Amino acid sequence: MTPFGSGLRALSIATVAAVAIAFSLVFFYAPLDADQGFIQKIFYLHVPLAITALVGFVIGGVFAILHLRSGDRRWDAYSYVSIHMSVIFGVAVLITGAIWAKASWGHWWVWDEPTLVSFLIVFLMYATYYPFRYAIEDRDRQARYASVFAIVAGAFVPLNFMAVRLAQSLVHPRVFATTNGGLPGSMMLTFLACLAAVALLWVTLVKLELTAKSASGQLKRLRRALDAPASGGGPRIAPEVS
Amino acid sequence: MTPSRTAFAAILAKDLRSELRTLQSLPAMALFAVTAFVIFRFGLDRTSLSGSLASGVLWATLLFAALLGINRLFVAEREEGGFDAIRLAPIDRSALFAAKAAALLVYLLVLELVVVPVFAIFFLDSTAALGPLLAVLLLADLGLAATGTLISSMAVHSRARDLLGPLVLLPLVVPLMIAATGASEPLLALHGPGYHRFGTWLAVLSLYDLVFLLVGYAVFDFLLED
């Protein structure tokens with residue numbers, strides 16, 4: 001088993017530093033938005049979280065393809081943890097999105113904002129990953145089916161964004177410009193710093209989760225080795241322990 | 001190695017014959033749909049429907065009726081050892097995907113043959129929309145057949161298969177339903193059928209069908225390995 005833990009400490013320190021720098025840029029450097037004032041600053045958290053979560057889903061799909069192609073169970077663990085972390089980030093996206101919507105439109109939820117609605121549907125899709133995965137008992141089959149799910153859901157994401165956008169674009173104008181071209185330089189810099197910090201946070205949490213999973217797996221193997229009769233189990237398990 | 005076309009025809013014929021003899025899925029699907037219409041009549045308190053209400057009622061009903069059939073699609077394979085037989089047979093496994101999707105497509109078409117006229121009799125003032133609606137139904141059925149076959153073949157191996165199929169399938173078909181309702185809404189408008197963005201929605205439906213037929217074909221091999 002590869003030592004997932006190596007480099008975790010350096011990565012954690014880098015993440016804490018990046019988040020601290022990004023947040024101080026948000027509060028002390030970026031100018032107040034002329035229209036929305038202070039509440040616009042949630043943009044620096046909401047959008048990077050959303051981008052990271054979506055990219056994380058795609059990464060989970062790529063790991064799933066690697067798993068199916070190679071049959072190596074490690075890729076399945078990568079895929080699972082990527083999707084798992086992105087779902088958690090997705091909860092944060094929906095909550096920050098709702099806060100922003102309440103502050104700028106007066107409602108906790110607006111159906112006219114296609115990006116938010118698309119994200120909700122994508123989130124609901126990936127939320128079924130857990131019940132789906134854990135309802136399959138055989139471990140090999142579970143890994144294979146979870147990978148197929150990750151690939152199918154990956155193909156679903158762009159189709160969903162397209163359909164939701166089409167359903168609304170002619171009815172309702174976009175309230176925010178999604179292209180960052182409209183941002184002044186200081187806001188753009190802050191946004192990029194936040195995106196880097198959130199992405200780094202995602203990577204660190206994925207690595208932490210993988211380390212925890214590998215440690216508990218190793219512990220389980222050691223326990224089994226201790227319980228097993230010395231004649232049969234011992235030599236077979238020894239290489240893995242060292 | 002038996003050619004794929006022969007295997008496809010044999011599995012499809014087997015499925016349709018067993019459905020004809022047992023009548024396990026189709027009557028239940030049709031009955032469910034008609035009862036759902038009655039419930040909508042009282043739930044919405046309307047005796048005639050048009051526009052977005054009509055398209056919403058029609059598609060929600062068809063989708064949930066389809067789920068009944070999708071849930072049962074692989075149950076016989078699982079319980080009577082059909083999966084093992086297919087694995088043993090010298091055939092391309094994708095033939096099973098294609099045949100099952102085709103069988104599901106036939107179920108859905110037969111279901112709509114019964115249910116859509118009933119819908120028109122119950123709620124519609126004119127039948128002018130039914131012609132162009134056929135194109136929407138066909139394309140949406142194709143997408144449902146592809147995703148339904150894929151999800152059902154996985155859900156059938158799980159502990160909670162009746163729960164899991166619909167749970168995973170519903171979010172997956174949201175884009176399909178957006179496009180199908182989007183195309184049907186102007187068709188079912190009060191003052192005769194309209195074609196607002198009809199072509200766009202048909203293109204979205206076709207793209208969805210294409211993507212999930214290809215994905216299903218590509219990954220189905222991995223679902224049968226053991």
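This briefing covers chain B, its contact with chain A, and the core they contribute to.

The model is predicted: local features need pLDDT of at least 70, side-chain atom pairs count only at pLDDT 80 or more, and totals for chains, interfaces and linings use all residues. Residues are numbered from 1 along each chain as its sequence is written, while chains are lettered from A and ligands numbered from 1 in the order in which they are written. Chain B has 10 helices and zero strands; both are DSSP runs numbered from the N terminus, helices being H or I of at least four residues and strands E of at least two.

**Overall build of chain B**
- Read along the sequence, the pattern is α-α-α-α-α-α-α-α-α-α.
- The radius of gyration of chain B is 18 Å, close to the 17 Å that the globule rule gives for 226 residues, so chain B is as compact as a globular protein of that length. The radius is taken over C-alpha atoms, and the rule is 2.2 Å times the number of residues to the power 0.38.
- Its C-alpha atoms fill a box of roughly 55 × 35 × 30 Å, taken along the principal axes.
- Buried residues make up 44% of the 226 residues in chain B. A residue is buried if 20 or more other C-beta atoms lie within 10 Å of its own, exposed if 12 or fewer, and partly exposed in between, with C-beta atoms placed from the backbone.
- Among contacts in chain B between residues at least 6 apart in sequence, 83% join residues at least 24 apart. Contact here means C-beta atoms, placed from the backbone, within 7 Å.

**Interface with chain A**
- 26 residues of chain B are in contact with 25 residues of chain A.
- On the chain B side, the elements giving two or more residues are H7 (130-155), H8 (161-172), H9 (174-187) and H10 (198-224).
- H10(B) gives the most, with nine residues.
- By class, this side has 20 nonpolar, four polar and two charged residues. Ala, Val, Leu, Ile, Met, Phe, Trp, Tyr, Cys and Pro count as nonpolar, Asp, Glu, Lys and Arg as charged, and the others, Gly among them, as polar.

**Nonpolar core**
- The largest nonpolar core has 132 residues. Such a core is a set of buried Ala, Val, Leu, Ile, Met, Phe, Trp, Tyr and Cys residues joined through C-beta atoms within 7 Å.
- A:Phe149, A:Cys194, B:Leu176, B:Ala179, B:Ala180 and B:Leu205 touch the most other members.
- The largest share of this core, 15 residues, comes from H6 (residues 139-168) of chain A.
- Not counting residues up to four places away in sequence, A:Cys194 touches A:Ala22, A:Val26, A:Tyr44, A:Leu45 and A:Pro48.

**Helix H1 of chain B**
- The buried residues of H1(B) are B:Ala7, B:Phe8, B:Ile11 and B:Asp15.
- They cover an arc of only 105° around the axis, which puts them on the same side of H1(B). The arc is that of the directions from the helix axis to the C-beta atoms.
- Cover for these buried residues includes H6 (94-123) of chain B.
- On the other side, B:Arg5, B:Thr6, B:Ala13, B:Arg17, B:Leu20 and B:Arg21 are exposed.
- B:Leu23 follows H1(B) and has a positive phi, near 50°.

**Positive phi in loops**
- B:Asp45 is not a glycine, yet has a positive phi of about 55°. B:Asp45 sits in the loop between H2 (26-44) and H3 (51-72) of chain B. With 7 C-beta neighbours inside 10 Å, B:Asp45 counts as exposed.
- B:Arg197, also not a glycine, has a positive phi of about 55°. B:Arg197 lies in the loop between H9 and H10 of chain B.

Methods:
Contact = placed C-beta atoms within 7 Å.
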